[in-house]
Amino acid sequence: MAKYLVIVESPAKVKTVKKYLGANYEVAASMGHVRDLPKSRLGIDVEHDFEPKYITIRGKGELLASLRKAAKKADKVYLATDPDREGEAISWHLSIALNLDENKMRRITFNEITKSAVKASIKQARDIDMNLVDEQQARRCLDRMVGYEISPLLWKKIKRGLSAGRVQSVALRIIGDREDEINAFIPKEYWTLEADLKIPGEKKPLVAKFHGKGSEKMAVETKEQLDEILKGLENETFTVSEVKKGERSKKAPLPFTTSTLQQEASKVLNFSTQKTMRLAQQLYEGVEVKGKGTIALISYLRTDSTRISEEADAAARSFIQEQYGTKYTASGDTTENKNSKAQDAHEAIRPTDVTNTPVMVKESLPRDLFRLYQLIWKRFVASRMQPAVYETISARINAGEYLFTAASSRLAFDGFMSVYTDPDEEKKEKNAAVRSLEAGTKLALEKMDPQQHFTQPPAHYTEASLVKTLEELGIGRPSTYAPTITTIINRRYVAKENKNLYMTELGEVVNNMMKEAFPSIVDVNFTATMEALLDRVGDGSVPWKTVVENFWPDLYEAVTEAEKNLEEVKVEDEVTDVICENCGRNMVVKYGPHGKFLACPGFPDCKNTKPYLEKIGVPCPKCGKEVILRKTKKGRKYYGCENNPECDFMSWQKPSAKKCPQCGGYMLEKGNKLVCADEQCGYVEAREKKDED
């Protein structure tokens, strides 16, 4: 009979851990959390020291009874839940729910599910870290307070089923602020000028870029400036004044953290953050590999550290030396972690065994699981390799008072790039003709190539860039990025189209309400400061209830104030001039998950509904009929002709009824400006006050 009981979180780990520990150990799974705050009420006693009222999660009674029975028989119980604060809290809840004797209960953690790591964890068994438990309790209570106090206001104001969250509402605000920037952006004209120059004895021309006047860099902003430069270059001789040769190195990337894995998997594999985490969880818990049985392929997936254990580092360097040679093996420390906010408790995400190459496991893994493992393996191996080295050459070419430059680089030593390359990395050398230049060489002008450009607005957020921004701002932690993004998409606050995230009309309504009624909750700096404070709870320097009791009064006051104000500004259904064809009543505007729609006020007797066509009082620039506000299937707003599909006019920006005085085209509203829709025209004027109103 087994002497020891080991409790892990996931049933997927049971088989793997049992295999490593042997017959004296029984391994069981808690199936995640076993206790939580009740769903039906706040569950925090705000009048009595903010004590949480935990209850057993529905459906876990039978499982807990089975675990209690096994725990009574065991000489020792090892709590082996995940190695993070959430896992620490689950172990603490298990100790209470199972009535475990302190003398026979121990906490163990392993960063990877390998034989050596699991066996070592038994030898390093410890007490439950109550600082980590308290940090999790503080986060849980703050999240519950925000969600349970603010969400009902959203139900009253907009519709049931909406939610607010401590991290999710800030993420929504960040997306909203970016959309405001994009909508208010006014393109500015600029020009580039390239000269195709003939080198004596060479077939291919050299492409040189205009740099400026003398040695100073000069921006060409207008056609008039360009014409002046072109005039000044007439009959001038192009002479090479200087040629410089050099070398630059490209550092190997650091191994993956949760954030960088999500970003790279989105960029390279087109995975959502949620999909990346789901697949990484499978690789961590263990997969069936031919000839090896069930083995875990990667280390723990929730981390913001780039640190690597000495053993893993040594194994990687040895592998690289054997497979690629000494010149490819990194020398010195490559574990630098530039993220000052990083919690260094865990290692970076890496293969559990570097000799399990992608080629060896390919036949055993489904396609997407293999692609993610290959990405992790290559990144880790590359992080232990030498930098790539480029030979560079640049030339300065004078033409009268003006200066042109030409440059080229080629890969001299591939280093880590023999394993891991950026898909955007230039592989082939461009402008190789620079290599044949010498100072004093005279070049013949073949042609000038002026190009007009316009500055571009900031890019819409993608899942990857939003994760990067949240991490840089110190908002949320590795475990929160994927669920936060999933929530705002599932709530239809945000629509995802071609990787980009767009605010929906529903998202705008929720975001505007949050900014008006709860400015501190959606304030980036406030949320980042709170995250830092919660980290201090985790290291034992701040009591967790102090954080919660300081947060509650301001939240309660804001909710009370918002309830009064929101009741005062609550808008009745807007009555339209559209007649219900079923009963003859005037239809009204209602809000649904996709935004506005028309409904008969006679509901439930009359259930007639129609799409809401919001006219903006602007004639279609193509056919003269009305322009209306429309939405894509995913909820993103745009402006189109009511005569669609016969007329295909559409614009992401709101068109104006005013014609462009310069070209006669239509104008777009951008902040407090009117801008010609034709970028080539570039006409801009201030909007009249009545337009803005």
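Modeller: A residue counts as buried under 20% relative accessible area and as exposed over 50%; in between, it is partly exposed. Asp49 has a relative accessibility of 49%, so it counts as partly exposed. This is a predicted model, and what follows describes that prediction.

Stay with Asp49 for a moment. Its loop runs between strand 4 (44-45) and strand 5 (51-52).

With a relative accessible area of 47%, Met31 is partly exposed, because the value falls between the two cut-offs.

Now the setting. The protein chain has 693 residues, and 48% of them are buried. Its secondary structure comes to 18 helices and 31 strands. The C-alpha trace spans about 95 × 85 × 45 Å along its principal axes. The accessible surface is about 34,600 Å². Carbon and sulfur atoms account for 47% of that surface. As for charge, there are 107 positive and 102 negative side chains. The centres of these two sets are 6 Å apart.

Take helix 5 (residues 130-157), which packs with helix 3 (residues 85-97). Their axes are 8 Å apart and cross at an angle of about 100°. That value falls between 65 and 115 degrees, so helix 3 is roughly perpendicular to helix 5. From helix 3, the contact uses Arg85, Glu86, Glu88, Ala89 and Trp92. From helix 5, it uses Met130, Leu132, Val133, Glu135, Gln136, Gln137 and Arg139.

Helix 5 has another partner, helix 16 (residues 524-538). Here the axes lie 7 Å apart, at an angle of about 150°. The angle is over 145 degrees, and therefore helix 5 and helix 16 are roughly antiparallel. On the helix 5 side, the residues in contact are Asn131, Leu132, Asp134, Glu135, Ala138, Arg139 and Leu142. Helix 16 brings Met530, Glu531, Leu534, Asp535, Val537 and Gly538. Leu132 touches helix 3 and helix 16. Glu135 and Arg139 likewise take part in the contact with helix 3 and in the contact with helix 16.

Thr527 sits in helix 16. Is Thr527 buried or exposed? Its relative accessibility is 2%, so Thr527 counts as buried. Beyond its neighbours within four places in sequence, Thr527 is in contact with Arg166, Val170, Ile475 and Ile521.

Helix 6 (residues 168-184) packs with helix 15 (residues 505-517). The angle is about 110°, and the axes are 10 Å apart. This pair is therefore roughly perpendicular. Helix 6 contributes Ser169, Leu172, Arg173, Gly176, Asp177 and Asp180 to the contact. Helix 15 contributes Gly507, Val510, Asn511, Met514 and Lys515.

Val588 belongs to strand 21 (residues 586-592). At 6% relative accessibility, under the 20% cut-off, Val588 counts as buried. Setting aside neighbours within four places in sequence, its contacts are Asp573, Glu574, Val575, Phe597, Leu598, Ala599 and Pro601. Asp577 is 11 residues from Val588 in sequence, and their C-alpha atoms are 8.7 Å apart.

Two peptide bonds call for a check of the backbone. The bond joining Phe603 and Pro604 is cis, with omega of about 10°. Pro604 lies in the loop between strand 22 (595-599) and strand 23 (609-611). The bond joining Asn644 and Pro645 is also cis, with omega of about 10°. Pro645 lies in the loop between strand 26 (637-641) and strand 27 (650-651).

Back to the starting point.

Methods:
Residues numbered from 1 in each chain as written. Predicted model: local features only at pLDDT ≥ 70, side-chain atom pairs only at ≥ 80, totals over all residues. Heavy atoms only, no water. Helix = DSSP H or I, 4+ residues; strand = E, 2+ residues; numbered from the N terminus. Buried < 20%, exposed > 50% of the residue type's maximum accessible area, 1.4 Å probe, protein only. Areas by Shrake-Rupley, 256 points an atom, 1.4 Å probe, with all protein chains shown as cover. Lys, Arg positive; Asp, Glu negative; His and termini not counted. Charge placed at Lys NZ, Arg CZ, Asp CG, Glu CD. Contact = heavy atoms within 4.5 Å. Axes fitted to C-alpha atoms, helices over the stretch in contact; angles between N-to-C directions. Parallel < 35°, antiparallel > 145°, perpendicular 65-115°, else oblique.
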